[in-house]
Amino acid sequence: MSRIGLIDYGMGNLHSVQRSFARLGAELVSVHSPADLEPCDALVLPGVGAFDPAMERLRAAGLEPALRRSCASGRPLLGICLGLQLLFEASEEGQAEGLGVLAGRVTTLPRVAGHPLPHMGWAPLIPATASPLLDARTPEAWVYFVHSFAAVPAVPEATTAQVDYAGTLVTAAVWHGTIAACQFHPEKSGPVGEAMLRRWLDWVAAL
């Protein structure tokens, strides 16, 4: 079994993520510092909250440069919700520089009458570029979202799934190299989300 590190910087939905992986037989080890990160075969970066405070906490723990080095080395990483947004260069939500391991920015969802922000609830994924996260045999996968911002990758092919928000297609998941990330919460998305986590674990184990 691969050693999977869960980045704990005080802004992640850690318990539900841990429970989801535990149901799949994977025990996550907590990562609080760069030293904790080193023995890990792969990493999970969760996140709930605002962009700038999250980057400040990663920086204070010394994890900002460590995560950049880790991704550059090819160590797999799975970002969840805010964890996806932090992987990009910047966000309209704040002023802080993001991790920048994925090229692009995070922008505010379009403001449309009758569509309140945050975008909250279940919605079907729209497949884009194929990746190990998606099962081509399941064309309509409903997953759970809570977000007011969405990534705009500079490399369009990095988008592996989209979601229709108020008539606009926005990024729901990305996959680029060894970096994967979901804007939605796979750990709250029932059997569909669990199957995605299983596919990611299987992909990591096969490396």
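Glu64 and Arg68 both sit in helix H4, four residues apart, or about one turn of the helix. Helices here are DSSP runs of H or I with at least four residues, strands are runs of E with at least two, and both are numbered from the N terminus. Before going on, please keep in mind that this is a predicted model: local features need pLDDT of at least 70, side-chain atom pairs count only at pLDDT 80 or more, and totals for chains, interfaces and linings use all residues. Residues are numbered from 1 along each chain as its sequence is written, and side-chain values use heavy atoms, with hydrogens and water left out.

Let us stay with that pair. The side chains of Glu64 and Arg68 form a salt bridge at 3.1 Å, N to O; the term stands for a side-chain nitrogen of Lys or Arg within 4 Å of a carboxyl oxygen of Asp or Glu. Glu64 also meets Arg59 in a salt bridge, at 2.8 Å, N to O. Glu64 is buried, with a relative accessible area of 8%, while Arg68 is partly exposed at 27% and Arg59 is partly exposed at 39%. Here buried means under 20% relative accessible area, exposed over 50%, and partly exposed in between, with a 1.4 Å probe and protein chains only.

Now look at the rest of H4, which spans residues 63-73. Leu63, Glu64, Ala66, Leu67, Ser70 and Cys71 are buried. They lie on the same side of H4, because they cover an arc of only 165 degrees around the axis, taken from the directions from the helix axis to the C-beta atoms. On the other side, Arg69, Ala72 and Ser73 are exposed. After H4 comes Gly74, with a positive phi near 95 degrees.

Asp202 is partly exposed at 43% relative accessibility, and Arg198 is partly exposed at 31%. Elsewhere, salt bridges that share partners join Arg59, Glu64, Arg68 and Glu97 into one network. The whole structure holds six salt bridges.

Next comes the sheet. Eight strands make an open, mixed sheet in the order E2-E1-E3-E4-E13-E12-E11-E8. E2 (28-31) and E8 (126-127) stand at the edges with a single partner strand each, so one side of each has no neighbour in the sheet. Two strands count as paired if DSSP finds at least two bridges between them. E1 (residues 4-7) runs parallel to E2 over four bridges, with Gly5 opposite Val29. E1 is also parallel to E3, over three bridges, and Ile4 stands opposite Ala42 there. E3 in turn runs parallel to E4 (residues 77-80), again through three bridges, with Leu43 opposite Leu77.

In a regular strand the side chains alternate between the two faces of the sheet. Strand E3 (residues 42-45) has Ala42 and Val44 pointing one way and Leu43 and Leu45 the other, and all are buried.

Finally, turn to the second largest pocket, with about 190 Å³ of space. A pocket is an open set of points on a 1 Å grid over the protein atoms alone, where a 1.4 Å probe fits, with protein on both sides within 12 Å along at least five of seven lines; lining residues have an atom within 4 Å of a point. Grid points are joined across faces, edges and corners, and the volume is the space filled by probe spheres set on them. Among its 15 lining residues, Val48, Gly49, Cys81, Val146 and His147 lie nearest the centre. Helix H5 (82-85) and strand E9 (142-147) each supply at least two residues of the lining.
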